[in-house]
Amino acid sequence: MRGTTIRQSIRTHNQLGRSTSPSSRLRRLKMNIPWLIMFTPVALFFIIFKYAPMAGLVIAFKNYTVYEGVWGSQWVGLDNFRMLFRDPSAISTIRNTLTLSLLSMFVSFPFPIMLAIFLNEVRKLWFKKTVQTLVYLPHFLSWVIVSGMVITLFSQESGIVNHLLEKLTGATYPFLYKEGSWITVFVASGIWKSAGFAAIIYLASLTTIDPSLYEAACMDGAGKMRQIWHITLPGIRPTIVLMLILNMGHVLEVGFDQVFTLQNSAVAAVSEVISTYMYRVGLQGFQFGLTTAMGLFESVVAFILVVLTNMIARKFNQGLW
Amino acid sequence: MKATRGERWFYAVNYLLLTLAGLSCLLPIVNVAAMSISGDEAVISGAVSLWPVDPTFSSYTMLFKGSSILKSFMNSVTLTVVGVALSLLFTVLAAYPLSKRGFYARKPLTLAIVFTMLFSGGLIPTYLVINSLGLINSYGAIWLPALVSVYNMLIMKTYFENMPEEMEEAARIDGCGEISFILKILLPLSLPMLATIALFYGVGFWNAFMSVLIYINDTDKYNLTVNVQNMIRSQSLIATLTTLRQEDLDMIAPEGIKSAGIMVMIIPLIIVYPFLQKYFVKGAMIGAIKG
């Protein structure tokens, strides 16, 4: 009983702001002073490091020069965008980004789901724990380590993969220097790094399935595969849809670290993506206006995709907001 | 219940596939570890698989003598420790007021913060801001733009909101001020969540690559990721090992040194991995339930 009264008194305490009497307004102001002091540095952080760069996007419409600065530079309208979309190297950059991200997304999507379902069927706890410990590990390694290992493993002279290949077929293959095999290695290394950890979300979702469903199916003579098909997969369908939607926002995003650490000049035609383009042409080539236009294009497309996918998600009652 | 024939097949295949998945994560690391402690001839010929051949630590001695790896290791530690402390402080400063229902403009401020998750100025404008603040070539350029991760802030905010309100009321009745409530009651009770978020930030700073590559020009200030990346990438690794004598250089297998460099980055992670796994899995679950 006492708990309820206190809770009610707190509720009124917390709703003080909504009442209009002068004394309660004063009390709310007093409560807010320490909070406002705390929040000031945070507000400064967001203004300086998040919103000021957004304002800086205006240089996408300017001929930026270092001497004239962001605000002094000449307006050029859409010239940067015109230049960008007429430049074959920029177009191929966008195409590469789409190819790599869509391939990574769709090829790697089923792996965490399968991993979670397999792990869920394991009876021996020590085995499950061991496998989980091993497959989560790559998530914590930086791309420098992962790519370093990939380069070492696939090295044509000293890599173990080519060493085995030579024993079997008598010839070695330059995996990282041919476009097709480079893309394969790129996608596979992404799966290797992220599939284990991504399975956690599906594992959590699997625990919500009612075990009695399996018992009933078993009584009816359903085998393991049928149980997975008719109970497990429908049971985690909401999570699968949600993850698919969340992924859509990243269509124009290929992480800088992964591409940068894996790419080499032999495969430049397929490995140059938006993030590495902005680094090379923008920061190293000082083409600030042009690459900001590219960045703005990327941000706007990503934003539209997130909003769109959320609208679709709402249709399935799974919207994020 | 006795397993049927079909079930036995299912379990056999299941255990086999999972064993393969587990091994695929373990074996590459074992291979690199074996290469880092193998003799140079075996490394060059590609004869090293999972067990070191002619075991020797010469790759490591060369690495530590000939390059600035120790310096960059210390830089990584500095970057991580200071970065985590600053980010935790700022995340609490953001999450606590936003978790209060009476806070002025709580909704618009939360919206303004979440908006930065969906839309950003991007690489070049951010670089120009950092440049105009004079942060280029200082670690401020790494720490300051990463002070608050919106995702971590939302986890913390939700955690604070779910704290029982009676607790705060009781503390207030006992004359506890805002600061002492946060320091003596709220934060000690949030330790598991704080540990999770500290590890999220910690892994981010330890693995920081792009920001260091962009903002730090001075090779003395490079962290491990950038230093090891340069080592892996250099066409003539020998050129980066400037302080070694010629007779030392003659007996170097570049792949051995590279493997040793990779191991220097992996070993600290493996040491803290038990904690990482425990808290990260929890953190990923929070994200899953929220999302």
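This is a predicted model: local features need pLDDT of at least 70, side-chain atom pairs count only at pLDDT 80 or more; totals for chains, interfaces and linings use all residues.
A:Thr152 belongs to helix 8 of chain A, which spans residues 143-154.

A:Thr152 has a relative accessibility of 2% and therefore counts as buried, the cut-off for that class being under 20%. Its contacts beyond four places in sequence involve both chains: A:Gly159 and A:Ile160 on chain A, and B:Met35, B:Glu255, B:Ser259 and B:Ile262 on chain B. The C-alpha atom of A:Thr152 is 53 Å from that of A:Leu36, a residue 116 positions away along the chain.

## Interface between chains A and B

Chain A contributes 93 residues and chain B 95 residues to the contacts between the two chains. The area buried between them is about 8600 Å², and carbon and sulfur atoms account for 76% of this area. On the chain A side, helix 2 (residues 22-56) supplies the largest share of the residues that touch chain B, namely 21.

Classified by residue type, the chain A side comprises 63 nonpolar, 19 polar and eleven charged residues.

## Domains of chain A

Chain A is divided into domain 1, covering residues 2-74, and domain 2, covering residues 78-315. The C-alpha centres of these two domains of chain A lie 36 Å apart. Contact between the domains involves six residues of domain 1 and eight residues of domain 2.

The two domains of chain A bury about 640 Å² between them, with 77% of that area on carbon and sulfur atoms. Three residues, A:Leu57, A:Ala60 and A:Phe61, provide 63% of the area that domain 1 buries against domain 2, more than any other three residues. Zero salt bridges are counted between the domains of chain A, whereas two residue pairs are in polar contact, both partners having pLDDT 80 or more. The side of domain 1 that touches domain 2 holds five nonpolar residues, no polar residues and one charged residue.

## Salt bridges in chain A

Over all chains, the structure contains nine salt bridges. One of the pairs in salt-bridge contact is A:Arg82 with A:Asp79, at an N to O distance of 2.9 Å. These residues are three positions apart in helix 4 (residues 79-86) of chain A, so about one helical turn separates A:Arg82 from A:Asp79. A:Arg82 is partly exposed at 43% relative accessible area, and A:Asp79 is likewise partly exposed, at 39%.

A:Glu272 and A:Arg280 also meet through their side chains in a salt bridge, with an N to O distance of 2.4 Å. Here A:Glu272 is buried, its relative accessible area being 11%, while A:Arg280 counts as partly exposed at 44%.

## Salt bridges in chain B

In chain B, the side chains of B:Lys157 and B:Glu161 form a salt bridge at 3.4 Å, N to O. Both residues lie in helix 8 (residues 150-161) of chain B, where they are four residues apart, about one turn of the helix. B:Lys157 counts as buried at 11% relative accessibility, and B:Glu161 counts as partly exposed at 29%.

## Surroundings of A:Thr276

A:Thr276 is located in helix 16 of chain A, which covers residues 274-284. With a relative accessibility of 3%, A:Thr276 counts as buried. Neighbours within four places in sequence aside, A:Thr276 is in contact with A:Phe256, A:Val259, A:Phe260, A:Gln263 and A:Ser271.

How values were computed: Residues are numbered from 1 along each chain as its sequence is written. Chains are lettered from A and ligands numbered from 1 in the order in which they are written. Side-chain values use heavy atoms; hydrogens and water are left out. Contact means heavy atoms within 4.5 Å. Buried area is the accessible area (1.4 Å probe) that two parts lose on being put together, summed over both. Helices (H or I, at least four residues) and strands (E, at least two) are DSSP runs, numbered from the N terminus. Ala, Val, Leu, Ile, Met, Phe, Trp, Tyr, Cys and Pro count as nonpolar, Asp, Glu, Lys and Arg as charged, and the others, Gly among them, as polar. Domain bounds come from an automatic or database domain assignment. A salt bridge is a side-chain nitrogen of Lys or Arg within 4 Å of a carboxyl oxygen of Asp or Glu. A polar contact is a pair of N or O atoms within 3.5 Å; within protein, one must be able to donate a hydrogen and the other to accept it, and residues adjacent in sequence count only if both atoms are side-chain atoms. Buried means under 20% relative accessible area, exposed over 50%, partly exposed in between (1.4 Å probe, protein chains only).
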